[in-house]
Amino acid sequence: MSNSRIAFLKGHGTENDFVIVPDPDNAIDLPASAVARLCDRRAGIGGDGLLHVVRSAAHPEARAMAGEAEWFMDYRNADGSIAEMCGNGVRVFARYLERAGLVGAGDLAVATRGGVKKVHLAKAESVSGSAAGDITVSMGRARFSQEGVTVTVDGRSWPARNVNMGNPHAVAFVEDLDHAGDLFREPPYSPASVYPDGVNVEFVVDRGERHVAMRVHERGSGETRSCGTGACAVAVAAARRDGVDPSVTGAPVAYIVDLPGGRLVITEHPDGEIEMTGPAVIVAEGHIEPALLAQ
């Protein structure tokens, strides 16, 4: 590890917050222990996860995607474990690229372990340019499995729909979001064999027509203020519960999804493609002391 300090930024998308480490040449060693220290809210910078910004051509997991996407989002959970995708993270990742002058408003492709994601950065909403526009991410298609689980919290149990958005989700519709409990730990579910690598668990209530609210326990991070892939999983699960399938009707369907950290709009198109639209903000930047990574 070099003695020179390493640059970082801090950003959030609907209060799902991330440490951002720019590293175009993939020269910084980020073992799980170092990521966990950086994401620690008391002894580190603090975040629900870490966005390692690398050129696709410089990362062994992304080289095959370099022809489609110049930049690779090497995403890590707060405990240092590797994750396939993070919807809010993609928006914050794109906002960083824009802030750094690496991309402008318009269309962008971002490589992730869940595949290449198409992103659209809206132009600034204010005349002065001080207010950044929303960012829309094409999140791919949802994959449903008939192999669901039962989620149990404090003696209450609910069936949960198995939805994969590049990462696994168990979506449970409940009467009250407080029934989810504290969400410090992964809610128990059975059979556990359905999700051998863990799962993101969403608890959902209705707020109105095509309008829901949710809380989520993200594997490796605990409860977070927002989860983009989780919001997508919730929207498509709600649509199927409501008897709506764009592939059948031929018309897109949009759901408003309220999370503790803000609001996302999820649109599913007849071809199955799902788009997520919401804000992304960079709030700080600075340098990491090498000792924090070398402990």
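**Cavities, strands and backbone**

Guide: The largest cavity is lined by Tyr75, Asn77, Ala83, Met85, Cys86, Asn167, Asn200, Glu218, Arg219, Cys227 and Thr229. Keep in mind that this is a predicted model.

Visitor: How much space lies in the largest cavity?

Guide: About 70 Å³.

Visitor: And how does its lining divide into nonpolar, polar and charged?

Guide: Five of the lining residues of the largest cavity are nonpolar, four are polar and two are charged.

Visitor: How many cavities of 30 Å³ or more does the count come to?

Guide: Two. The second largest cavity holds about 30 Å³ of space.

Visitor: What lines the second largest cavity?

Guide: Its lining consists of Ala235, Val236, Ala239, Val253, Ala254, Tyr255, Ile266 and Glu268. The elements giving two or more residues to that lining are α3 (228-241), β15 (253-259) and β16 (262-268).

Visitor: How many of those lining residues are nonpolar, polar or charged?

Guide: Seven are nonpolar, none is polar and one is charged.

Visitor: Switching to strands. How many bridges join β8 to β9?

Guide: Eight, with β8 (residues 143-153) and β9 (residues 156-164) running antiparallel. Within that pairing, Val151 has Trp158 in β9 as its bridge partner.

Visitor: What sits between β8 and β9?

Guide: Two residues, as the strands form a hairpin. Asp154 in that turn has a positive phi of about 50°.

Visitor: Which way does β9 run relative to β10, parallel or antiparallel?

Guide: Antiparallel, with five bridges joining β9 to β10 (residues 168-173). Val163 stands opposite His169 in β10. This pair also forms a hairpin, with three residues between the strands, and Gly166 in the turn has a positive phi of about 90°.

Visitor: OK, where is the cis peptide bond between Ser190 and Pro191, and what is its omega near?

Guide: The bond runs from Ser190 to Pro191, with omega near 0°. Pro191 lies in the loop between β11 (189-190) and β12 (200-208).

Visitor: What about Glu15, what is its phi?

Guide: Glu15 is not a glycine, yet its phi is positive, about 65°. Glu15 is placed in the loop between β1 (6-13) and β2 (16-22).

Visitor: And Leu183? What is its phi, and where does it lie?

Guide: Leu183, also not a glycine, has a positive phi of about 60°. The loop between β10 and β11 contains Leu183.

Visitor: Is Leu183 buried or exposed?

Guide: Leu183 counts as buried because its relative accessibility is 2%, and buried means under 20%. Glu15 has 36% relative accessibility, so Glu15 counts as partly exposed.

Visitor: Last topic, helix α2. What does α2 reach from its first C-alpha to its last?

Guide: Helix α2 (residues 87-99) reaches 19 Å over its 13 residues, close to the 18 Å expected at 1.5 Å a residue.

Visitor: Why call α2 largely enclosed by the rest of the structure?

Guide: Because 11 of its 13 residues are buried. Among them are Val90, Val92, Phe93, Tyr96 and Leu97, and the charged residues Arg91 and Arg95 are buried too.

Visitor: What comes just after α2?

Guide: Gly101, which takes a positive phi of about 75°.

Definitions and conventions. Residues are numbered from 1 along each chain as its sequence is written. This is a predicted model: local features need pLDDT of at least 70, side-chain atom pairs count only at pLDDT 80 or more; totals for chains, interfaces and linings use all residues. Side-chain values use heavy atoms; hydrogens and water are left out. Two strands pair if DSSP finds at least two bridges between them. Helices (H or I, at least four residues) and strands (E, at least two) are DSSP runs, numbered from the N terminus. On a 1 Å grid over the protein atoms alone, a cavity is a set of points where a 1.4 Å probe fits but cannot get out, and a pocket is an open set with protein on both sides within 12 Å along at least five of seven lines; lining residues have an atom within 4 Å of a point. Grid points are joined across faces, edges and corners, and a volume is the space filled by probe spheres set on the points. Buried means under 20% relative accessible area, exposed over 50%, partly exposed in between (1.4 Å probe, protein chains only). The expected span of a helix is 1.5 Å times one less than its number of residues.
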